Amino acid sequence: MPASMRSEARAAAWLGRYLWSAWAGATGLLCLAAAWQAAHELYGDFVLPDPLTTLMTLADLATEPGLGAAVKETGLRALTGFLLAAGIGTAAGTIAGYSFAALRLMKPVVTFILGVPPISWIVLALIWFGASGGSAVATVIVAALPISFAGALEGVATRDRGLDAMARAFGAGPLRRFRDVTLPHLLSYLFAAWTTAIGTAWKVAVMAELLGNSGGIGGALAKARALFDIPQVMALTVLVVLCALGSDHLVLQPLREAAERWRTAGQPWGVKR
Amino acid sequence: MKLRLENIGHAFLGRTVIEGMNLAFAAGEIVALVGPSGCGKTTLMQIAAGLVVPLRGRVHRAYRRHAIVFQEPRLLPWLTARDNIAYGLACAGTPRRHRREIAAARAREVGLEADDLGKFPAELSGGMRQRAAVARALAVAPDVVFLDEPFSAVDVGLRRMMQDHLAQAAAREGFCALFVTHDLGEAARIADRLVVLSARRRGIVDLRAVPGRPGARDERFVFDLVAAWSREEAFAELLDGAGRLQ
Ligand SMILES: Nc1ncnc2c1ncn2[C@@H]1O[C@H](COP(=O)(O)OP(=O)(O)O)[C@@H](O)[C@H]1O
Ligand SMILES: [Mg+2]
């Protein structure tokens with residue numbers, strides 16, 4: 001069965017690529033760790049704890065019951081905010097991409113939202129929602145929504161009109177043309193935007209928690225700062241980075257790979273990424 | 001008459017491209033539309049195919065289905081060759097199994113191998129992509145086929161093969177074809193009828209039947225025919241710049 005062998009070969013190639021990109025990423029991270037170690041040796045423990053101490057602190061923290069709950073709390077806020085922002089932003093951006101009037105109406109609004117510093121949103125959200133999870137979610141939404149909007153807008157605006165005309169010539173209606181012609185093209189823009197948005201979601205959620213002292217990783221960070229526990233600050237920082245990278249590489253990237261198999265099909269081996 | 005253009009006129013941004021054009025196409029005939037670059041061949045074809053709404057005049061269609069082969073293959077990059085060839089059928093609501101069978105048969109006709117069908121367009125050569133585009137058009141069993149300089153980017157051997165295939169398919173299946181080209185040799189080889197457009201006079205300067213049967217004319221005949229045409233005033237504008245034969 002050549003067809004099944006083909007799909008197996010594709011799956012193997014996919015796994016190989018996935019492992020290879022993980023390996024390449026690890027190389028970069030290890031270089032960063034080396035620079036970190038050098039800076040630590042230059043400036044000492046108090047300013048910058050070394051990577052190993054940080055990791056051990058993180059391991060210690062992980063054994064405490066509070067940390068898991070904090071990660072879950074922050075994760076839930078980041079995810080809720082991300083999903084709402086991605087949903088609304090993508091839908092609005094798609095409509096704006098199709099309709100010139102909607103574009104004229106929405107673009108200034110989004111430009112305005114982009115111009116407002118996130119810290120102002122956090123303060124406003126704290127006033128409106130109090131020091132609860134709501135303010136973190138609201139801040140994540142306003143921070144991540146313009147990113148999804150711009151991605152969707154760009155994707156729809158750059159769709160291939162020639163392919164659209166082709167589909168129209170074969171009698172495809174508007175919905176079918178959106179699904180067959182625009183969406184696959186749009187997805188590559190969306191995944192790029194969503195990758196940025198999910199990273200922003202984690203960072204902004206932690207920031208809002210810290211300023212509002214509303215629990216989660218941000219709350220733990222506020223406590224560590226009050227105690228001047230520098231290794232713990234570093235450990236929590238690394239944790240946030242890991243969470244942001246994890247939700248991108250373990251959730252978004254595999255979805256993207258699956259959706260865009262056609263893109264890698266034409267590339268020769270060895271120049272993939 | 002399968003298709004009739006009545007007093008068609010069109011302009012882009014106030015600049016007239018086509019004026020007072022009348023044309024009719026009968027079942028089973030291949031009409032070659034020739035003219036210099038920029039004279040409105042593509043525009044006229046798109047009007048006839050319903051992709052562009054003309055500013056003036058009417059298009060009368062007395063058929064069920066048409067298909068288009070564009071100058072570029074215009075395959076969907078995210079579908080395999082098989083699904084691309086079957087795309088028109090999918091739009092028409094043909095069940096999946098049936099359309100895969102038709103796609104395979106049409107692919108074989110244009111010389112695509114069975115294992116090319118599982119490949120994405122990026123994995124196919126330029127010639128193979130254009131073969132797939134022709135297969136996609138013929139797969140819907142059209143009554144009218146519009147072709148916009150479909151073979152201008154493929155090599156000579158393949159062009160010859162595709163021209164013959166198209167002429168044979170038209171004779172066998174009885175569809176009518178509007179074939180846009182700027183290559184007189186191509187027109188002389190596959191057309192029943194020739195329509196010559198002018199850019200300067202914005203309309204038809206000549207209309208004539210081509211002797212013989214499409215796809216059955218030999219090389220010598222085609223060569224002599226083109227040589228004779230190239231001495232005529234009607235084709236002067238077309239051959240200006242492109243270089244007259246000898
Ligand atoms: N979408 C468009 N907008 C403005 N002008 C156009 C458009 N399409 C074609 N034209 C103009 O119309 C004229 C005819 O174009 P076209 O039909 O593509 O010519 P041909 O196919 O014979 O080379 C050209 O001068 C071209 O610049
Ligand atoms: Mg053209």
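**Helix packing and sheet pairing**

Mentor: In this predicted model, the axes of helix 3 (residues 65–98) of chain A and helix 4 (residues 100–115) of chain A come within 5 Å and cross at roughly 130°.

Trainee: Why are helix 3 of chain A and helix 4 of chain A called oblique to each other?

Mentor: Roughly perpendicular covers 65 to 115 degrees and roughly antiparallel begins over 145. The crossing angle is roughly 130°, and the two helices are therefore oblique to each other.

Trainee: Which residues of helix 3 of chain A and helix 4 of chain A meet?

Mentor: From helix 3 of chain A come A92(A), I95(A), A96(A) and Y98(A); they meet F100(A), A102(A), L103(A) and M106(A) of helix 4 of chain A. By class, this contact has eight nonpolar residues, with no polar and no charged ones.

Trainee: What makes strand 1 and strand 4 of chain B a pair?

Mentor: Pairing requires at least two bridges. Strand 1 (residues 3–12) and strand 4 of chain B have five, in the antiparallel sense, so they count as paired. As one example, G9(B) has R56(B) in strand 4 of chain B as its bridge partner.

Trainee: Why are strand 2 and strand 4 of chain B said to stand at the edges?

Mentor: The open sheet of three strands in chain B has the order 2-1-4, with antiparallel pairing. Strand 2 (15–25) and strand 4 (56–61) each have a single partner strand, so one side of each lacks a neighbour in the sheet. Neighbouring strands of this sheet are turned by 20° against each other on average, direction ignored.

Note on methods. Residues numbered from 1 in each chain as written. Chains lettered and ligands numbered in written order. Predicted model: local features only at pLDDT ≥ 70, side-chain atom pairs only at ≥ 80, totals over all residues. Heavy atoms only, no water. Axes fitted to C-alpha atoms, helices over the stretch in contact; angles between N-to-C directions. Helix = DSSP H or I, 4+ residues; strand = E, 2+ residues; numbered from the N terminus. Parallel < 35°, antiparallel > 145°, perpendicular 65-115°, else oblique. Contact = heavy atoms within 4.5 Å. Nonpolar A, V, L, I, M, F, W, Y, C, P; charged D, E, K, R; others polar.
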